[in-house]
Amino acid sequence: MTIRTAIIGLGIMGRRMAEHMALHPAFSVDMIWDPDQSSCALAQAIVPNATVAADAEAAIAAVDLVYLACPPVPRKSYSLAAAKAGKAVFLEKPLGVDIDESRALVAAITASGVPAAVNFTQAAGAALTEVQAAAETGTLGDLMGSDIVVTYANWPRDWQKAADWLRYRAEGGMTREVISHFLFFSERILGPLELVWAHADYPDQPDLCETHVAARLLSAAGAPVTIMGSVGGAQPDRQELTIKGSKASRRVSDFYRNAASTGGRLNRFTRTTLIRGLSA
């Protein structure tokens, strides 16, 4: 039996998930819905056997699993409705835009007993999996912290512009969309983190999202996590996480380029190296 899935929110992320779920024998995309009819049409071209639901509630009622790729504010109400109906919930990140509301959402979904996850699947990729293995086996030595560096010429990036909400302060921004991935992974390696300080700069138009961010967090063992993010200037995208150890460090760029250093020049892992190392 396949897991019958509904996809709510059919922007770039919803359509990408539809494409990949259609390739997986354990899943079938049965229902899709978005308030924008043109987005529904684009998604149905990818999964022609899926039904365009009359509304989100109808999509939720007809399936086993609900994947939510809509913006964070409606995502909360849809996830609660899905959990109440006993459906598994797969949410895009960020979980929410208000800390107290997000904690209440986690508590409510946990109490419902349904399977639930937030889409930080980058941490399951080959590069970050190898970094985790290196940390757990002691290859890195004592863990000294992590550095997160994210820079863009423009935000949102060209391929994201159809999701207009990403440029607004209320729900969007690179901190929620990208830096959150690296913070999730840093906590997986270093343990829970506490915020020491943070600062963000915003454009003159008050409803737009951050253009620069800097922050420092600490693990329970005192390992620091340093964040630097910026938007602007003619430059390529830069997305880097460095997990620092006393013996060696690992730097992952763009979620899949993995390089190691023992104090000198970074040496990149090839895909073959990663596969060999993970299977050893």
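**Figure 1. Lining of the largest pocket in the predicted model.** Helix α7 supplies eight residues, the largest share of the lining of the largest pocket. The model is a predicted one. The space in this pocket amounts to about 1400 Å³. Two or more lining residues come from each of α5 (99-112), α7 (174-190), β8 (193-201) and β9 (212-219). In total, 35 residues line the largest pocket, and those nearest its centre are Ile-99, Thr-175, Arg-176, Ser-180 and Leu-183. By class, the lining of the largest pocket comprises 19 nonpolar, seven polar and nine charged residues.

**Figure 2. Lining of the second largest pocket.** The second largest pocket holds about 970 Å³ of space. Its lining is made up of 44 residues, with Ile-12, Met-13, Gly-14, Tyr-67 and Glu-92 closest to the centre. Helix α1 gives seven residues, the largest share of the lining of this pocket. At least two lining residues come from each of α1 (12-23), α2 (37-46), α4 (72-84) and α7. Helix α7 therefore contributes to the lining of the second largest pocket under the element assignment used here. The residues that line the second largest pocket divide into 22 nonpolar, twelve polar and ten charged.

Figure 3. Helix α5 consists of 14 residues. From the first C-alpha to the last, α5 reaches 20 Å, close to the 20 Å expected at 1.5 Å a residue. Ser-102, Leu-105 and Ile-109 are the buried residues of α5. These residues lie on the same side of α5 because they cover an arc of only 55° around the axis. An α-helix has 3.6 residues a turn, so residues three or four places apart point the same way. The buried residues of α5 are covered by elements that include α4, β5 (88-91) and β6 (116-118). On the face of α5 turned away from the buried side are the exposed residues Ile-99, Asp-100, Arg-103, Thr-110 and Ala-111. Of these, Ile-99 is also among the residues nearest the centre of the largest pocket.

Figure 4. Most residues other than glycine have a negative phi, and most peptide bonds are trans. The bond from Lys-93 to Pro-94 is cis, and its omega is near 0°. Pro-94 sits in the loop between β5 and α5. Trp-155 and Pro-156 are likewise joined by a cis peptide bond, with omega about -5°. Pro-156 belongs to the loop between β7 (143-152) and α7.

Figure 5. Asp-254 is not a glycine, yet its phi is positive, at about 55°. This residue lies in the loop between β12 (249-253) and β13 (257-261). Asp-254 counts as partly exposed because its relative accessibility is 22%. Phe-255, another residue other than glycine, has a positive phi near 75°. Phe-255 is found in the loop between β12 and β13. With a relative accessibility of 11%, Phe-255 counts as buried, since buried means under 20%.

**Figure 6. Surroundings of Tyr-202.** Tyr-202 is located in the loop between β8 and β9. Its relative accessibility is 33%, so Tyr-202 counts as partly exposed. When neighbours within four places in sequence are left aside, Tyr-202 is in contact with Arg-169, Leu-208, Cys-209, Glu-210 and Thr-211. Between Tyr-202 and Ala-234 there are 19 Å in space, C-alpha to C-alpha, and the two are 32 residues apart in sequence.

**Figure 7. Surroundings of Ser-230.** Ser-230 is part of strand β10 (residues 224-231). This serine counts as buried because its relative accessibility is 13%. Not counting residues up to four places away in sequence, Ser-230 touches Val-150, Thr-151, Tyr-152, Met-174, Thr-211 and His-212. Thr-211, one of the residues touched by Ser-230, is also in contact with Tyr-202.

Methods: Residues are numbered from 1 along each chain as its sequence is written. This is a predicted model: local features need pLDDT of at least 70, side-chain atom pairs count only at pLDDT 80 or more; totals for chains, interfaces and linings use all residues. Side-chain values use heavy atoms; hydrogens and water are left out. On a 1 Å grid over the protein atoms alone, a cavity is a set of points where a 1.4 Å probe fits but cannot get out, and a pocket is an open set with protein on both sides within 12 Å along at least five of seven lines; lining residues have an atom within 4 Å of a point. Grid points are joined across faces, edges and corners, and a volume is the space filled by probe spheres set on the points. Helices (H or I, at least four residues) and strands (E, at least two) are DSSP runs, numbered from the N terminus. Ala, Val, Leu, Ile, Met, Phe, Trp, Tyr, Cys and Pro count as nonpolar, Asp, Glu, Lys and Arg as charged, and the others, Gly among them, as polar. The expected span of a helix is 1.5 Å times one less than its number of residues. Buried means under 20% relative accessible area, exposed over 50%, partly exposed in between (1.4 Å probe, protein chains only). The arc is that of the directions from the helix axis to the C-beta atoms. Contact means heavy atoms within 4.5 Å.
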